[in-house]
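Subject: Structure handover and notes

Hello,

Here is the structure, with my notes below it. Please read the two side by side.

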Amino acid sequence: MKKIIYILSTILVSAGLLFTSCDLDTPAKSAAESRVVTSNYDLAQGLVMGIHQSFAETNSYRGRYIPFYGINSDIEWINNISGQIADDGKYELTGYAARPTNTQMNTDNNAWAKFYEGIERANLAIEGIRNFGNVENDPDMAQLLGEALTLRAVIYLDLTKGWGDVPLRLEPISTETLYLPRTDRDIIYKQLLADLAEAENLVAWPNGSNITSSTERVNKAFVKGLMARIALYASGYSQRSDGVRRSTDPELTVANMYKLVKEKTLEVINSGTNTLGTFEQNFRLLCQDNVQAGNESLWEIPFAAGRGRVLYTFGIRHRVVNQYTGQAQGGVNGPIPTLFYDYDIDDIRRDITCIPYNWNNNPAVQQLSTLKSWCFGKLRYEWMSRRVISTNDDGINWQYLRLADVYLMAAEAINELEGPAAAAPYLKPILDRALPPAKVPTYMTQATASKEAFFNAIVEQRAFEFAGESLRKADLIRWNLLKVKLDEAKNKMRQLANREGPYADLPEKLYYQTAPDGETLMIYGLNHGDTDEIGASLGYESNTVWIAPDKLPEELINALYQKDPDQNQFWPIWKFFIDISNGMLSN
């Protein structure tokens, strides 16, 4: 069976360990009750699986954090912004203008509540397994402890990405810890790195045990990769009370953290437990619910077949039910319209990532989208091995970390520490599978010309590689490039609308018709160097003005952000939680 069976509710009811979604009240538990649950492997595993349950709740990762965190950036945005900016909570969240009363988030069961619910479940598991799990002599129980530590680290990392400094609770709730203030994120980062340093010695490598044969379970490669990601964030820039700056903690310097990044990424790469494969293969496997460990995917947030809005949010839009899906969804978020044109014309990632069409009619036929609402193509109903029947959820896992990220983190860190020549071997494999062999040496020569040139190549390649995976915003923040790149993106969209600068060689129109297979759209006019003269001569059945100021209006371009993004890098804590914090929390 692909999906983990969640048995937490039965276990916690029998053990008397249920608590509220608000993370503020929990019945007292006895040591005897904890011993019953955490000394038995099956019961302890159920407790750990309950942490996953908190990820999948309606307004947790499933319906709030995954759709809204990381959108908007310089390569991706929430589609169809124009006309609804002022009053729609979705556009507040994505447009750097969220208020504590945000209509999507200011409830007792949203992402903040569910994240702390997951943390409480992790704390219960960690405390109980430490005390009663015989971890020193039972590798399966050790795996569960490492898994709980890692899942707690994932949640805390995403809390700091979303909200900055947040309360840090490392033990089950007691009357003394019922109300906690914010904790400086530097303290949180150091705690997470310490927890993961313990966890990496507890969990097995991918396919090193029955448990780690699935990408839905924590393994050693993921733990090490997560440590590298945290180290980059910890040493990077972010908004603080006195401005945007790096940490002043001597333990979190660039030198220290990048050394750790290098160490952990190379341990993953050199282990040989995961392979890159092709770019397309990674996403086809994800759409096919293939969770066999050892491919590019290091860890995924698991969603049951009737749960999760991953393809719903990031997939190619299907306007109607058809032979590929019983769910007319997709296309909520998409690439900004310049991204397609910024790829090398021969980069295979371009036509997989950026899709200028959606599906219509039954049987399905591709239909041209508008310039302002491209779709991501990494996730596709037509690639799935099952047919979605839910109207709201699709069951595709959220791929949290993949091996390409490990390679690019290694390249970034080694360039900083040792220069581009030493870093080049970790950038090149990403280019080798993206570009024709004849183009890779030229790119690598330019990238290795200097340390600065190599860093710029990393910034560019992380955009091309991870568009639609919600990594870009956090990357731009840690590089102190958030507003710089968002402003650059707005200017590029203006140039595209007017076919100026790097977009001057694009035709005004697209020329298109349905292919002989009856569903595929044949399109001319998308590539640099295409002309209206050639397009008109093809005799295609349809054409439309594609690039013009009214197709990408200034109102829409300016909606990429509503307020200064450097002054609004984080969401506020929602009013509901401020009000019940006994005065301990504020914005």
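**S470 and its surroundings**

The side chain of S470 reaches the backbone oxygen of Y69 at 3.4 Å. That is a polar contact, meaning a pair of N or O atoms within 3.5 Å; within protein, one must be able to donate a hydrogen and the other to accept it, and residues adjacent in sequence count only if both atoms are side-chain atoms.

Before the rest, two notes on the source. This is a predicted model, in which local features need pLDDT of at least 70 and side-chain atom pairs count only at pLDDT 80 or more, while totals for chains, interfaces and linings use all residues. Residues are numbered from 1 along each chain as its sequence is written, and side-chain values use heavy atoms, with hydrogens and water left out.

Back to S470. The residue sits in the loop between α18 (451–466) and α19 (472–478). Helices (H or I, at least four residues) and strands (E, at least two) are DSSP runs, numbered from the N terminus. S470 has a relative accessible area of 6%, so it is buried. The classes are: buried under 20% relative accessible area, exposed over 50%, partly exposed in between (1.4 Å probe, protein chains only). Leaving out residues up to four places away in sequence, S470 touches I66, Y69, G70, E76, F314 and W398. Contact means heavy atoms within 4.5 Å. The backbone of S470 deserves a look too: phi is near 60°, a positive value in a residue other than glycine.

**R499**

R499 also has a positive phi, about 50°, although it is not a glycine. Its loop runs between α20 (482–497) and β11 (509–514). Relative accessibility is 30%, so R499 counts as partly exposed.

**The α16 and α18 pair**

How do α16 and α18 pack? Helix α16 (residues 420–432) meets α18 at an angle of about 20°, with the axes 11 Å apart. Therefore α16 is roughly parallel to α18. Axes are lines fitted to C-alpha atoms, for helices over the stretch in contact, and angles run from 0 to 180 degrees between N-to-C directions. Angles under 35 degrees count as roughly parallel, over 145 as roughly antiparallel, 65 to 115 as roughly perpendicular and the rest as oblique.

On the α16 side, the contact is made by P420, A423, A424, L427, I430 and L431. From α18 come K451, F454, A457, Q461 and E465. These residues divide into eight nonpolar, one polar and two charged. Here Ala, Val, Leu, Ile, Met, Phe, Trp, Tyr, Cys and Pro count as nonpolar, Asp, Glu, Lys and Arg as charged, and the others, Gly among them, as polar.

**R349**

R349 belongs to helix α14 (residues 348–353). At 1% relative accessible area, R349 is buried. Its side chain makes a polar contact with the side chain of E465 (2.9 Å). Neighbours within four places in sequence aside, R349 is in contact with F279, Y343, I430, A434, Q461, F464 and E465.

S390 lies in the loop between β9 (375–376) and β10 (398–402). Its side chain reaches the backbone nitrogen of D393 at 3.0 Å.

Which peptide bonds are cis? One runs from I71 to N72, with omega near 20°. N72 is in the loop between α4 (58–68) and β1 (76–78). Another joins N362 and P363, with omega about 10°. P363 is in the loop between β7 (357–360) and β8 (365–368).

Best wishes
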